[in-house]
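Welcome, and thank you for taking a look at this one with me. Here are some notes to read alongside the structure.

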Amino acid sequence: MSNSEHRWGMAIDLDRCTGCQACVTACHAENNLPLSDPESAAKGRAVHWIRVDRYYEGEFPNIRVKHVPVLCQQCDEAPCEPVCPVYATYHNEEGLNVQVYNRCVGTRYCGNNCPYSVRFFNWFDPVWPSPLELQHNPDVSIRMGGVMEKCTFCIQRIKRSKDDAAAESRPLKDGDVKPACVQSCPAEAMVFGDLNDPGSKVSQLAESGRATRLLEELGTKPKVFYLQKAT
Amino acid sequence: MYLNGEFRFGDARERVLRALQELRERGFAARDVDVFSNEPLEIPRDVLERRSHMSFAAVTGAVLFCVLIIGFVSFTQYSYPLITGGMPLFSFWATGVVFYEITMLGAILTTFCWFLKEAGLLRRGRPPAPDVEPGMICIRVRCRIEQSVAAQKSLEAAGATNIQSSGDAR
Amino acid sequence: MDRRNFFKIVSTASAGVAATSCGKKEALIPLLVPEHQIAPGEEQWHPSVCTECSAGCGVIVRVMEGERIVERNGQKFRERIASIKKIEGNPLDPVSSGALCARGQAAVQSLYNPDRVRGPMHRTGDRGKAAFSSMSWDDGIAAITKAISATDKSKVVFLTTAPAGSRLAGIQRFLQSIGAPAAYTSSLADFSIERQAAQAVFGWTGMPDYHVSQARYVLGVGADFLGGWVSPVYYGGQFGRFRQGRLGIRGKLVQAESRMSLTAASADEWLPVRPGFEPHLLVAVGRLLLEEKLARAAEQLPPGVTESILGADLQQLIRSTGVDPNVLRRVARELGESEAPLVIGGASVIHSNSFQAIVASHYLNIMLGNVGRRGGPQAPHPASDVAAANPNVVEALKAAQVVFLDGENPVYTLPPSSGVAAALASKTIISFGSFIDDSAAYADVILPSHHPLEAEAAVVAMVGGPATSVAVATPFVRPLYDTRPLEQTLGDIARKLNVAFEPVTAKSFVQPLLPNGETWDNVALRGGLWLEGEANAQPLKPVSKNMQWSDPTFSGDALQFPLQFQPYLSVQYHDGRGANLPWMQELPDPASSAMWGLPVEIDPKTATKLNVATGDWVRVESANGKLDAPAYVHPAALPGVVSMAIGEGHTHYGRYASGRGANPISILAPAQETSTGVLAFGATRVRVARLEQRPSELIQFSPQDREQGPWGHR
Amino acid sequence: MFGWRRRSRVFVRDAAWLFMLFAVTSRAEQPIAFPHNKHMQLGMSCIDCHIGADTRASAGIPSVRKCMFCHSKLLTNRPEIKKVIDYSNKNLEIPWVRVYGFSPGAEVKFKHAPHFRAGIGCSTCHGDLTKATVAERVVTHTMGSCLTCHRQKHATEDCAACHY
Amino acid sequence: MATLPAISSDEGIRRDLWRPLAGASSRYLIVLCVLSAVALWGLVAWGYQLYRGIGVAGIRRPVFWGFYLVDFVFWIGISHAGTLISAILRLTDAGWRKPVTRAAEAITVFALMIGGLFPIIHLGRAWLFFWLFPYPNSRLLWPNVRSPLMWDVTAISTYLTGSTIYLFLPLIPDVAQLAKRATGWRRRMYRMLSLGWTGSDREWNALESAMKLMAGIILAVAVSVHTVVAWDFSMAVAPMWHSSIFGPYFVVGAIFSGIAALLIVMALIRKTMHLEEYLTPHHFNNLAKLLLLMSLLWLYFTVAENLTAWYGNEPKEMNVFGARIRGNFGPYFWVMVLCNFVVPFVLLGIRKLRNILTATIASITVLIGMWLERFLIVVPTLSYGRLAATWGRYTPTWVEISITVATFASMGVLYLVFAKLFPIIAIWEFETQSEHED
């Protein structure tokens, strides 16, 4: 699928990440994620398209904490895609793993088949106590109940940048597109860009020795690269 | 016209067979003779052969459906070329099961239809069938008026009772 | 938001005008006239400043079309308004440098919070019962003027969270003009100890700035600078560059703290120092540096200090910290040998001797010769000092007759043991806040001021010194409700009292700081005034000569209350302000991954002793009170130290926070930091007991905190 | 928390989506019998009033003030124009009825600008307005019609081009 | 074979087998009402779920599949009773099958109807289920036949068609005879269903060969169907799902539960319809032996499945395995082993204990055990995914439980109605048999 113009990818530098979770809120703000409430959260139905997994390693006092921001890995060979009976999730020519909300019937097979468990389901129609709905981002659908949703690499931002570029009739350059999480990261731990462009920052980081991929052994070919701590 | 002969009591089956042989010797075609009973009778081929093409039909139906589904699937896959999970657009591996199932469906449906056809069920204008009670066997012979005597003889010879003729006299 | 997009920022003409249309579903709402203002699908970016904490991040705000139903002379109309969609860091602003923390981004939820105060109100029920009914602005102002004129002006206490900037200046000027004492703050997050230590050692006014990004080896002591301390955004950015920003250079961070904070979590090494023994650790390190001749600028130390450090009993010091001696020696050596060493001293958790710790950290930096240099502590910008810092707020409140609340919530942030809540019952209380929080529930009158995103402001960054860094906001959306800017209200009051008072606007605040050639309009357009280099240099030489350290004191009998209790400032709730933001409530707590409620963090040993498992409820009891909360068995908690994040446990604070969880401050003893008198909220002893019943569930986003399951092996 | 109103709306929405109906009426009773053809005969172009059509996501409906630019003086005695003036005096906008749109369940993010850039004339999707009088839907839009055109023009067939 | 009861005459057989069709006893009506009530309650629950949203069920992230899919697999498993038994026995022409076949085939059809409903019940937007069928639409979109769920759709619809026909064919002669006796609407119905069957030898021949053929085909389909159901899971990369053994494992399990269901139904019929002479201990004995065999086979597969996981000690799999064996799913697991192996082995393995009663008891435990087995396959894997941070527990709600219970009730309802309308034993087959025996 790399014959197309772009192939979006992301690099996350675990050496920079402080686990502050700014990205999580940024994602909520950008993508109209449904609000949870204590009941639904207790049922494990809180939605965070990007989450910061934290693991404790070792025992006190020689104990360390591992923070790993996990979002949809936009796998090139995504396990979630072939199992959808209605093509609600598929691969577009820019390598994005797309979820089409209005096509989804809610078999939730994709969710089971995602080893990273980054797919979230709308168990009910979302509700926002007025006037909180004023904050909705018009560029992003409000997902109806009964459909899957997940990180889109902020496709709406990609589209905006492309439209701007087209309007100014200039090519898209590296750094023009930034998903909300990348944009918000204080430590600049996340880098987003075009993997087709060998000059782009993300491609270079992906080449760097520290780059690994989550559950690489599954052969899902994720397009999110984790740069391990240098020590 | 039709001649009906009834056979009752213990050795009905043997007598029916005799009657059939008699009829065949007198040159009645197998398709002109019908045997009615309310449980399956085993009639030796040489007496009254009923050739069945059902398995052949089933296979044909299966093949037909198989071809159709393969064509249809490949059409749907290419009509909106969405590549999913790095799989090829059209792969026998991923769609084999569907092909198999639909093939089987083809076999099943043709078998059923063919059954209706061979059994002659649901067919318009079927000659009136004798009403057989349990344990009774009935032979129906289709014959032209001049043959009727011969037919009647052979039935009587076999010990048929209550021989009646029905249908227009030609 | 990169620089190209940045020029989309349009000058901040108020786009709030609305057009209305009949409420039929099919009826299409016409676009605004002129039509380029709120065209659907068109985004605008306006500069503003974040006031969720006092760091003063410059932000840019995304504005697009929104819609609401309005009542106009009995008829319902659908109104298209310019509404705020998202808040991002202002790429031009050195503090945020384009990024923003979780709480800052959630500010939009306080603007559109369903529980906002929609107009002036007066109390109808008992104090603290939060029963109010609306009133007119004139009546409200009249009531206030009556109250003020009736009282002795010295008994007027004004509490504000306003960071250094136009708002605070305006408040101070108002208080001055009516002859009232300067404004106070009651927040736990004003870091006054750090300020006073800087004052004491260098004579600096304000918060020293640490250029982490240019240091090679950082020893952080007690300062959770990536979490709740000063500005996670600013130091997060610094940290990123410190780690991977320089080709071939990777900074090493060693964090000595009494809890596994975010900073400790992302550090290369964590030294679990016993609570309150930070000074000892720092002195020990200083002693080691001097001994091993690694203190490259030892001569700059004031003589008295050197003696006192050398006079220390090293063994005893190290033993007291509870840190492995060899590790400490190694760290000291590495620190001394590093090209660009830096020591960051702070008090994320305030103990009785935190002041000494920070002072010690400054002396370490002096002996490492990095003060004012690249990668060392920098003098703050003089204008960045928040005058509101005052340890005696409790006494002031007790003595007060009229209390103004501007975003402050003393009932929540000051322990009941200090008797503040009780004292407030007999005062005239006026709140300018946007929410009915624990304290506003006591108010007689609530005169809601604009939400920061609706108002104008100029805020001097708490960090980034000595360079001038002022973030500026000018209004760009129409206020949602019947609120007024604080300056206007104060002006009206002053007029009624007929005292001369000229409100401080963002413009009038920034004007004097403008260099020649710079205009206010440009500043407003860019969203801030940022100048390189020294504003006006502050001394880099130490002015004090004394240096001592004492063991921490904890209130509560050690036998009766065997455990130490340390509340801390969390990234999501800060000092409790963030609790009414649903996004913050559902943001998994970095330590426990808890949502919609905060647990008590107990170390595994103590937990097994108490037979407590994660999710069990425990009663934390001090000599001054008790609280019930679910427990989280924290694998990295210090044995015998119980921690809890501040934020939950509001009696009143909107639907998302009211009555949820427990407030750790509520069981604190009124202990004071010995040198500064600031509330030492880490100086209380507690006992913990397991509760049989579970009033509610501990909600965790990821309950599993180890990578392998409990049955993971043959 | 889940009122029957909202639920019924959901069902209605999905039903609409099912049968590919639109949430909007094709034959709309417009508040004012606005004659598109007359205005176009006067040499005005679509963009003059729907100023977003070439550069923005939404073409935009002119505000009453825009009408008043001319009609504060022009033909003020006509009954329809009187209505316009009336709205303007009441400081109300004209509640035009939407005739083109997407079913709420479809989650389509349509932008005018890219289509304009691609040189798709307004009439392709909105019919020949030089003959039309009051606004009504003359071209039916279904996903099929969008796709067919996209295929003819070799534009993208990516679902995410419109649905996200 | 001594299976033959001392049957007086064809008339006798008819009398015995048509008796149940006659009137409806009060007991029958009561049972029917109770069961229908329960079934209706299930419908109410489903309606509520449609109205409020699928969230009223207990499923959650990461356990996206819960009771509904468990029930789905379970019922599809049950459906293997009829076809397998009757088809196998028909092909091997085992005489003793004859009184059993129709009862079994009826189970198949009804179980399939119920099982086939669950994938729809479990959809997030159930009213859009028809998007899974290929029909020309303005969106120019087709379903994705790569998805194992589409395999299910085709497999189950094929199987349902097949087994319905397979049930219907041998019914024709019986309804033809009934049509002569019955009166009123029943007569009309039977007439219609008999397709004008006259009993001519052509018809008999056609029926004969059709049945032989169908038996073969159905067998092939039946095996494939449950393999496909198994593949829903093993096609996924989830730990403990991604296993090649699942196909046969599920088929065995299906036959296992199928036989159990058949045994229970037969025992009930025997008691309630007083068909002791037709359904003799001999039949139960044979089926019981079959059940025992299946139980052993099931054990073999279960051991194979889990032992490999344990020995491999692959961490991700061990998490699931541990949870299943000694974790919070442990109790269910050991109950399952008890129900599926220990009880049948003791009750049916020991010749002295083996009788109709024990066979029925064993069958009941087996049904419970097999339901648990499906639960233990679906849920633990999802609860303990590859990334520990995403683990989560699943607890069903009243909605899921009532729908599950209701399906059992509706099975009963369907069966009662069927037994009231059609002879539960193929009369003509029986008669031919009776002739050949002497």
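How far apart are the nearest C-alpha atoms of chain B and chain C? They are 28 Å apart, and the two chains do not touch. Please keep in mind throughout that this is a predicted model.

1. **Where the chains meet.** Nine pairs of chains touch, and the pair with the most contacts is A and C. Chain C brings 88 residues to this contact, and chain A brings 69 residues. Together the two chains bury about 6000 Å² between them, with 54% of that area on carbon and sulfur atoms.

2. **Charged and polar links across A and C.** Eight salt bridges are found across the interface of chain C and chain A. One of the salt bridges in the model pairs the side chains of A:Asp139 and C:Arg62, at 2.8 Å from N to O. The interface of chain C and chain A also has 33 residue pairs in polar contact, both residues being at pLDDT 80 or more. On the side of chain C that touches chain A, helix 7 (residues 232-244) of chain C gives the most, with nine residues. Sorted by class, that side of chain C has 43 nonpolar, 21 polar and 24 charged residues.

3. **A parallel sheet in chain C.** Next, look for the open sheet of four strands in chain C, in the order 11-10-9-12, with parallel pairing. Its edges are strand 11 (269-272) and strand 12 (341-345) of chain C, each of which pairs on one side only. On average, neighbouring strands in this sheet are turned by 15° against each other, direction ignored. Strand 9 (residues 217-221) of chain C pairs with strand 12 of chain C in the parallel sense over five bridges. To find your way along this pair, note that C:Gly220 stands opposite C:Ile344 in strand 12 of chain C.

4. **A helix on that sheet.** Which strands does helix 12 of chain C touch? Helix 12 (residues 325-337) of chain C packs on the sheet and touches strand 9, strand 10 (252-257), strand 11 and strand 12 of chain C. The direction of helix 12 makes about 130° with that of strand 11 of chain C.

5. **An antiparallel sheet in chain C.** Another open sheet in chain C has three strands in the order 17-18-19, and here the pairing is antiparallel. Strand 17 (457-460) and strand 19 (528-531) of chain C are the edge strands, each pairing on one side only. From one strand to the next, the twist averages 15°. Strand 18 (residues 468-473) of chain C is joined to strand 19 of chain C by four bridges, and these two strands run antiparallel. Here C:Ala471 stands opposite C:Gly528 in strand 19 of chain C.

6. **Strands 21, 22 and 23 of chain C.** Strand 23 (residues 625-633) of chain C is joined by three bridges to strand 21 (residues 600-602) of chain C, and the two run parallel. In this pairing, C:Val600 stands opposite C:Ala631 in strand 23 of chain C. Strand 22 (residues 617-622) of chain C pairs with strand 23 of chain C in the antiparallel sense, over six bridges. C:Val618 has C:Ala629 in strand 23 of chain C as its bridge partner. A hairpin through two residues joins strand 22 to strand 23 of chain C.

7. **A salt bridge within chain A.** Over all chains, the structure holds 61 salt bridges. One in chain A is formed by A:Glu30 and A:Arg157, whose closest N and O atoms are 3.2 Å apart. This pair links distant parts of the chain, 127 residues apart: A:Glu30 is in helix 1 (residues 22-31) of chain A, and A:Arg157 is in helix 4 (residues 155-167) of chain A.

8. **Backbone details to check.** The peptide bond from A:Ser130 to A:Pro131 is cis, with omega near 0°. A:Pro131 lies in the loop between strand 6 (120-121) and strand 7 (148-149) of chain A. A cis peptide bond also joins E:Arg61 and E:Pro62, where omega is about 0°. E:Pro62 sits in the loop between helix 2 (26-52) and helix 3 (67-78) of chain E. Finally, A:Asn32 is not a glycine, yet has a positive phi of about 50°. You will find A:Asn32 in the loop between helix 1 and helix 2 (38-42) of chain A.

Definitions and conventions
Residues are numbered from 1 along each chain as its sequence is written. Chains are lettered from A and ligands numbered from 1 in the order in which they are written. This is a predicted model: local features need pLDDT of at least 70, side-chain atom pairs count only at pLDDT 80 or more; totals for chains, interfaces and linings use all residues. Side-chain values use heavy atoms; hydrogens and water are left out. Contact means heavy atoms within 4.5 Å. Buried area is the accessible area (1.4 Å probe) that two parts lose on being put together, summed over both. A salt bridge is a side-chain nitrogen of Lys or Arg within 4 Å of a carboxyl oxygen of Asp or Glu. A polar contact is a pair of N or O atoms within 3.5 Å; within protein, one must be able to donate a hydrogen and the other to accept it, and residues adjacent in sequence count only if both atoms are side-chain atoms. Ala, Val, Leu, Ile, Met, Phe, Trp, Tyr, Cys and Pro count as nonpolar, Asp, Glu, Lys and Arg as charged, and the others, Gly among them, as polar. Two strands pair if DSSP finds at least two bridges between them. Axes are lines fitted to C-alpha atoms, for helices over the stretch in contact, and angles run from 0 to 180 degrees between N-to-C directions.
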